[in-house]
Amino acid sequence: MMKKILLLVLFSFFLADTYAQVSADSMAYQAQRKKINDMLGQRKQKFGQYDQSLSQHTGIFGLQTKKDIRHSNDILMDIVKTDDDIFVQLKVLLDYKTFEQKEVQSHVIDADTSKMGYMTTINRLRDQNEKLKHDIELTEQDQQKSKQISLGIIFALLFVVILLLRAKFVKKDK
């Protein structure tokens, strides 16, 4: 019973450690997702600015000036830089996901290894228990035989003593 309680406590600590690790990794993954979503929001805002800058015509007769075109190009370049940053952060996010998957696989393998170890230990203990039960049966049988032999010897001695006493009384009477 004590072994079962000890195994339960150890297993609980193992699960708590696993849950804490997964929770921390998951929080990092969620933070990275939020960062990418924020960057996508900024990109959308910049694209709105770009669209607005394309519609601005401050030149003579409502035409775009070089300044308008440069401003639009600057916004477009900023969008491209944001896209590059988003791709970098997506790579980090995918690396987190890959890391989490590898961790889960590692924990599954560890759990399977532990489970196999526990099963092996249980089977070994079960075999030892059966051997001990068999040894106890043999010992009890030996003790029973010893008792029977002892009783047989005691009855034989009593019989001999009774015969000797009877023979002694028969001799006295004659």
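Visitor: Let's start with charges. What makes Lys 91 and Asp 95 a salt bridge?

Guide: First, keep in mind that this is a predicted model. The side chains of Lys 91 and Asp 95 come to 3.0 Å, N to O. The cut-off is within 4 Å, so the pair counts as a salt bridge. Both residues belong to helix 2, 4 residues apart, which puts about one helical turn between them.

Visitor: And why is Asp 95 called partly exposed?

Guide: Its relative accessible area is 38%. Buried would need under 20% and exposed over 50%, so Asp 95 falls in between.

Visitor: How many salt bridges are there by that rule?

Guide: The count comes to 5. Another one of them joins Lys 34 and Asp 38, at 3.2 Å from N to O. Those two sit 4 residues apart in helix 1, again separated by about one helical turn.

Visitor: Which label does Lys 34 get, buried or exposed?

Guide: Exposed: Lys 34 has a relative accessible area of 52%, and the label asks for over 50%. Asp 38, at 40%, counts as partly exposed.

Visitor: What about Asp 78 and Lys 46, how do you know that they form a salt bridge?

Guide: The closest N and O atoms of Asp 78 and Lys 46 are 3.1 Å apart, and the limit is 4 Å, so that pair passes too. Here the partners come from two helices: Asp 78 lies in helix 2 and Lys 46 in helix 1, so the bridge ties together parts 32 residues apart in sequence.

Visitor: Now the rings. Why is the pair of Phe 47 and Tyr 50 called tilted?

Guide: The structure holds 1 aromatic pair. The ring centres of Phe 47 and Tyr 50 are 6.1 Å apart and the planes meet at 45°. Pairing needs centres within 6.5 Å, and stacked would need under 30 degrees, edge-to-face over 60, so the label that remains is tilted. The two residues are 3 apart in helix 1 (residues 2-54), about one helical turn.

Visitor: How do you know that the span of helix 2 agrees with its number of residues?

Guide: Helix 2 (residues 66-173) has 108 residues, and at 1.5 Å a residue that should give 160 Å. The end C-alpha atoms are 157 Å apart, which agrees. Its buried residues include Asp 68, Ile 75, Leu 93 and His 107.

Visitor: And what is the overall picture in helices, strands and buried residues?

Guide: The protein comes to 2 helices and 0 strands. Of its 174 residues, 11% count as buried. It exposes about 14,800 Å², with carbon and sulfur atoms supplying 64%.

Terms used: Residues are numbered from 1 along each chain as its sequence is written. This is a predicted model: local features need pLDDT of at least 70, side-chain atom pairs count only at pLDDT 80 or more; totals for chains, interfaces and linings use all residues. Side-chain values use heavy atoms; hydrogens and water are left out. Buried means under 20% relative accessible area, exposed over 50%, partly exposed in between (1.4 Å probe, protein chains only). Accessible areas come from the Shrake-Rupley method with a 1.4 Å probe; for residues, only the protein chains shown count as cover. Rings of Phe, Tyr and Trp (its six-membered ring) pair if their centres lie within 6.5 Å; planes under 30 degrees apart count as stacked, over 60 as edge-to-face and the rest as tilted. The expected span of a helix is 1.5 Å times one less than its number of residues.
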